[in-house]
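Student: I am new to this structure and would like to go through its contacts step by step. Please show it first.

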Amino acid sequence: MEVIKTDVAIVGAGGAGLRAAIAVAEADPSIEIALISKVYPMRSHTCAAEGGAAGVIESDDSLEYHFNDTVQGGDWLTDQDAVELFVNTIPKELTQMEHWGCPWSRKENGDVAVRPFGGMKIMRTWFAADKTGFHMLHTLFQTSLQFPSIKRYDEFFSTDLMVDNGRCTGVTAIEMRSGQMRLFQAKAVILCTGGAGRIYPFTTNGAIKTGDGWGMAYRAGVPLKDMEFVQYHPTGLPGSGILLTEGCRGEGGILVNKDGYRYLQDYGMGPPDPWPRLKAMELGPRDRLSQAFWHEQKKGNTIPTQWGDVVHLDMRHLGEAKIDERLPLVRDLASSYVGTDPVTSLVPVRPVVHYMMGGIHTDIDAATPLPGLYAAGECACVSINGANRLGSNSLGELLVFGARAGRHAVEYVRSAPEPNAAALEKQGAEAQKRITDLFTRTDGTERVAVLRREMNDAMEEGCGIYRDANTTKMSCDKTTELRQRFKRINLEDKSNVYNTDLFQCLELGNMLDCAETIAQSAFQRQESRGSHQRLDFEARDDSKYLKHSMAAYNGDDPPKIDYLDVVITKSQPAERVYGGEQK
Amino acid sequence: MSRNPYVRKMSKTTWFLTHGRYRSYILHELSSFFVAIYTGILIMGLLRLGSGPEEWAGWLEGVTSPAGIVFHLLAFAFAIIHTVSWFKVVPQAMRIQRGEDFVPGQLLVRAHYGVLAGVSVVVLILAGIA
Amino acid sequence: MSTREITLKVLRYRPEVDSKPFFQTYEKVPCEEEWVVLDALNYIKDEIDRTLSFRWSCHMFVCGSCGMVINGEPKLSCKAFLRDYGKKITVEPLANFPIERDLVVVIDDFVEKLLSVKPWVIPKVKKSLDDGAYNQTPAQLKSFKQYSMCINCLLCYSACPQYGLDNSFVGPASLALAHRYNMDSRDVGRKAREDVVASAEGIWECSFVGACSQVCPKDVDPAGAIQQIKITSAIDYVMSMVPGGK
């Protein structure tokens, strides 16, 4: 197998991966970087983020406010040292993006403009119309092109982390165009592989979001943290699951049920007026809004459509000029996909799986417990999001912790010894054999599409917005069963060049491993907190569960779930209050 | 090893027939050929005018012959095509920002037609026709 | 939910077994009324033929992966609604790029072209982060915003005959991005980009067919960008001839 020697291998070239790569290149141009991704960088799912990135900039705002909003939004499951570091650093990172050319929307006087976002006490969300993630991704990608030490391996599908003598020393990846496996020998590896919304049937996430980094880290013995916390975004287009940004509500859009009633006032978000009002009604946090939809649906207040039940997002009062300036993509998407123009019509929306709060356990330096392995972005859980991420904190997170992962990897690399080539070769051969076996086996009976659909359905049904012991148990059993059946998966395409059957198969394997950790973590957390709502344990239980769930790989058996204390520095757990007359 | 990318070549001689937008492009290009010939004939006329009445009469006879008239009608049609297709793309090449907004493209197109009409009128007056 | 059956004629090429591309017809593909062509391809992939290869991800017109030629027209297959087509749809890979396999094309050339125009901010002096953001008025932002919308889907390269005839041409998307940075008030890199942009293989290779702008799913208007650079470049040239000019 061809061995590619490098200093830092970065897997994933979305926002976090590119930011990490640039951080390494800026810190020390002599350090070689291999930036490995299964897609070209500009295809990464960062591009789909719409609304913006929160960072304190206004004179009436403070770092403490952003800290409090984030900790409260996460239902006190956030690590407060990480949140503090995050809110302190993000304004600088967003300014750096500005210097690199990010086309932030502006105020009349030429300053960067901000917009309101859910769960945020002050307007602090920087935005580039409704294509913020797209512009950030392209700005990072294009900026990265000027650094010769960043060597890209586009369309390389990573399969396994190499672990020798208790440290991570590389990664194997298949060159998709030739089908040949390469061994990247690296002193440090940074995982920036994003989330795994594709575990669910109805998601805003693109096809590539399949938890590949999670799967690799998990199988290498790194725990996956807080996996039960799955964010449903309240405003997805029915049918396709396409995201309509929280910016729609930030700009003043409202949610109404079948009677035209702003139902959020019945769920602790009111009163409805005056409007708009921060941290109230439609500008509440995503978990609460999605849960309110669930209740409205139970009450029969939603609107049945060919795509299932919906509520209506009403933006008509914003007017055409504002919608075109601030929300052009939303208009395009709604008009194309559901045939409703937000300027003149109500847009049908429903909650849709959007983001994974959980992920690879890291400390505030983005380091995992496995020396030499770092993680940042959605694939990591550092954790600043706790039980529910606030909208516009994830784009900031990928910058802050992407850069941090890069810089700490540089420090690590400077003193790390050369990896043991012989040990690597042996592990590389094992990784290769797992792929070869897929090609040569003759006893395959299971189909990728079938297992994927069964996984999707089991997760939606068992680990949705509301769960209980029975439903989560069903998801546990089903994912365990599917992992067994996956061993008999049948590869129907046996060719080498750009074999998407193979890649979908490997993605399915990763998703099944991760789905089982979600189901098990959800089953074992007997409380309701943030996005994890148990019908059989309706209250938050700080005495038992003010802790992170840590899912550890256990071979063919379900993961072992341990618990790790949450870091609390200055904000003691309290009741999450939204709405009211507060500003 | 197993890669073998397949290159499809574009035909150098017939590519412009393969799509409507290429056909209109080639029509536009072709129209400039007629405009050029017309210009050549006109310049020739001027030269002939300078070389004496007989030369001039000969040229005049040529352009007023049936073939000459057919050519001029053709050239006029192509000149219209040329003008219309050029004016249509003016807003793309000419972006004028006033304050935050751009001057509407249609306004620029209309301004071009206005100037064309104005110049034509002046020419016709000078020629004593209008 | 209403469904309809369509026939998809897909250009296939499997480099390990085929000597050249061929059309494969998938008949009676059951589709839902609101589907896009990409959904139909995914149905084929899942239920009929696991060997069909194509790229896709976001399904919302922004990642730029799923560009294909559909009924002769370069399109994002996630934005090609079945309702706009008849019962028979022809799908081919993007033109003007080598076919790696099926609907997947080799885009290495574009990636090189993009790099060649230096698509990043070249500031006059590097500003410290402590000095905060640059001031940029909404008008200054608007002057380049359109050209920053390019998703690199390469429909423009597929539509451009100039690139098809001679792929030394830098091409529409890359030149539009060069223009995007040239027009940015934070950038002074126009001269640094000129060698590539204002060369024979750059803007002067463009004969303004305009196809790129017609197929662009994001209204970037690369053709317009190229003509605008031509004008600036021509003025530069004239000024360099004038004594006391530049």
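Student: How many residues of chain A are in contact with chain C?
Tutor: This is a predicted model, in which local features need pLDDT of at least 70, side-chain atom pairs count only at pLDDT 80 or more, and totals for chains, interfaces and linings use all residues. Residues are numbered from 1 along each chain as its sequence is written, and chains are lettered from A and ligands numbered from 1 in the order in which they are written. Two residues are in contact if their C-beta atoms, placed from the backbone, lie within 7 Å. On the chain C side 42 residues take part, and on the chain A side the number is 43.

Student: Which element gives the most to the side of chain A that touches chain C?
Tutor: Helices (H or I, at least four residues) and strands (E, at least two) are DSSP runs, numbered from the N terminus. Helices H3 (80–99), H4 (132–144), H9 (328–338) and H14 (500–524) of chain A each give two or more residues to this side. With 5 residues, the element that gives the most is H3(A).

Student: How many residues of domain 1 of chain A are in contact with domain 3 of chain A?
Tutor: By an automatic or database domain assignment, domain 1 covers 2–50 + 132–231 + 355–420 and domain 3 covers 425–546 of chain A. Their C-alpha centres lie 21 Å apart. Domain 3 brings 33 residues to the contact, and domain 1 brings 35.

Student: Which element gives the most to that side of domain 1 of chain A?
Tutor: Among the elements giving two or more residues are strand E8 (156–164) and helix H5 (212–219) of chain A. With 5 residues, the element that gives the most is H5(A).
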